[in-house]
Amino acid sequence: MTTPTSRTSSEVVYIGNSGGGTKPELGGGNRRNTSSPDEDRKEVKILFFDLTYYNTTTQFLLCCAGVFVLYLLYGYMQELIFTLDGFKPYGWFLTLVQFAYYTGFGYIERSVESVKVPRCIPMKTYILLAFLTLGTMGLSNSSLGYLNYPTQVIFKCCKLVPVLIGSILIQGKKHGPLDFFAAIAMCVGLTLFTLADSQVSPAFNPFGVLLISLALLCDAAIGNVQEKAMREHKAPNNEVVIYSYGIGFVYLSVIMLLTGNLFDGFAFCLKHPVETFGYAFLFSLSGYLGIQIVLTLVRTCGAPLAATVTTARKAVTIALSFVFFSKPFTINYLWSGLIVVLGIYLNVYSKRSKLTFADIRRICGRLIQRVVPSRGGASSSSTKKLLLEV
């Protein structure tokens with residue numbers, strides 16, 4: 001078993017009970033005094049940037065800023081690639097190239113680390129993670145061949161719904177009423193947005209809705225499986241990336257080789273190397289760096305809050321998509337999008353609110369007593385009691 005000290009340099013965030021157990025120590029000689037109260041801090045590190053000594057709010061804001069910048073570039077490059085004539089049937093090949101880049105980036109990052117750390121998460125977990133990663137990214141990329149880009153993004157905005165369900169089924173978490181109200185608002189907004197898109201967009205195809213819906217189901221599972229595995233085994237981010245995308249690359253290579261799509265996609269991309277491999281490099285680099293930050297958010301804040309941050313940046317992506325790429329627009333996009341934003345706000349607010357279903361029942365009971373007071377003398381005493389309670 002690897003000792004905490006030998007794991008330090010590649011460890012990104014330590015998750016656990018802050019009140020008990022042995023804390024991992026940072027290497028580097030005099031860098032940290034064991035008698036200092038700072039020893040109780042969790043190490044927070046993204047690539048080569050150490051955020052440990054920033055307060056929790058600053059860490060969260062820096063992660064949010066990184067997610068917005070990197071994933072806005074990611075979304076722009078993704079839509080730009082699919083504007084190439086004839087590229088839409090090759091969404092799965094783009095996923096293959098993306099997985100290859102991700103695996104290479106992860107290997108480079110892991111190679112430059114001074115201390116080598118053995119694999120922390122069991123291989124059977126990575127086999128499942130790779131399958132789910134392939135599903136969420138491959139189906140998402142392929143859906144762009146059948147859907148307007150903003151429609152694809154608005155579906156991704158609503159991944160909080162399956163993530164919420166997944167956190168209940170996989171991790172046994174309990175959620176408050178505001179989380180469920182947020183999920184309902186997102187479902188309503190998503191339905192209205194899809195109906196609007198089907199009326200004005202010539203690129204709309206119901207098959208694309210099926211693809212992106214399946215991608216969301218995989219996304220819900222992967223976020224919660226990642227969170228559970230990383231909390232239990234304290235694996236560094238680059239390990240998760242290498243194994244998840246490396247195994248996924250093998251999966252997809254075999255599938256495309258058997259179906260004959262591997263050579264067709266490669267031949268097409270060779271005719272347009274800059275618009276495919278070149279753009280895919282920038283697309284993958286921004287996505288890889290974004291993944292590092294999202295994984296840190298998952299470990300420190302949990303899958304639902306990380307999904308909330310990535311969902312908020314998608315709202316900005318939709319607006320920029322209409323600015324940079326010509327496409328039909330209807331006012332129904334705006335109203336349905338605002339309903340989704342309401343759902344995002346409710347989900348964020350629920351993290352600070354202690355409202356429970358029992359509180360709602362008590363509030364409803366008080367309202368009913370006010371509207372329908374008791375008869376006779378009991379009416380005034382009941383009213384006085386309610387006023388005192390309020």
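Predicted model: local features only at pLDDT ≥ 70, side-chain atom pairs only at ≥ 80, totals over all residues.
1. Next, have a look at N141, which you'll find in helix α3 (residues 123–143). Is N141 buried or exposed? Its relative accessibility is 2%, so it counts as buried, given that the cut-off for buried is under 20%. The N141 side chain makes a polar contact with the side chain of Q78, at 2.7 Å. Leaving out residues up to four places away in sequence, N141 touches Q78, F82, G91, L94, T95, Q98, Q152 and F283.

2. Now for a proline in a helix: P162 belongs to α5, which runs over residues 160–171. P162 has a relative accessible area of 12%, so it is buried too. Which residues does P162 touch, not counting those up to four places away in sequence? They are L216 and A220. Also check S213: it is 51 residues from P162 in sequence, while their C-alphas are 9.9 Å apart in space.

3. One more proline, this time in a loop: P236 sits between α7 (206–233) and α8 (237–259). Its relative accessibility is 0%, so P236 counts as buried. If you trace the chain from P236 to I46, they are 190 residues apart in sequence, yet C-alpha to C-alpha the two are 9.9 Å apart in space.

Key: Residues numbered from 1 in each chain as written. Heavy atoms only, no water. Helix = DSSP H or I, 4+ residues; strand = E, 2+ residues; numbered from the N terminus. Buried < 20%, exposed > 50% of the residue type's maximum accessible area, 1.4 Å probe, protein only. Contact = heavy atoms within 4.5 Å. Polar contact = N/O pair within 3.5 Å; in protein donor to acceptor, adjacent residues only side chain to side chain.
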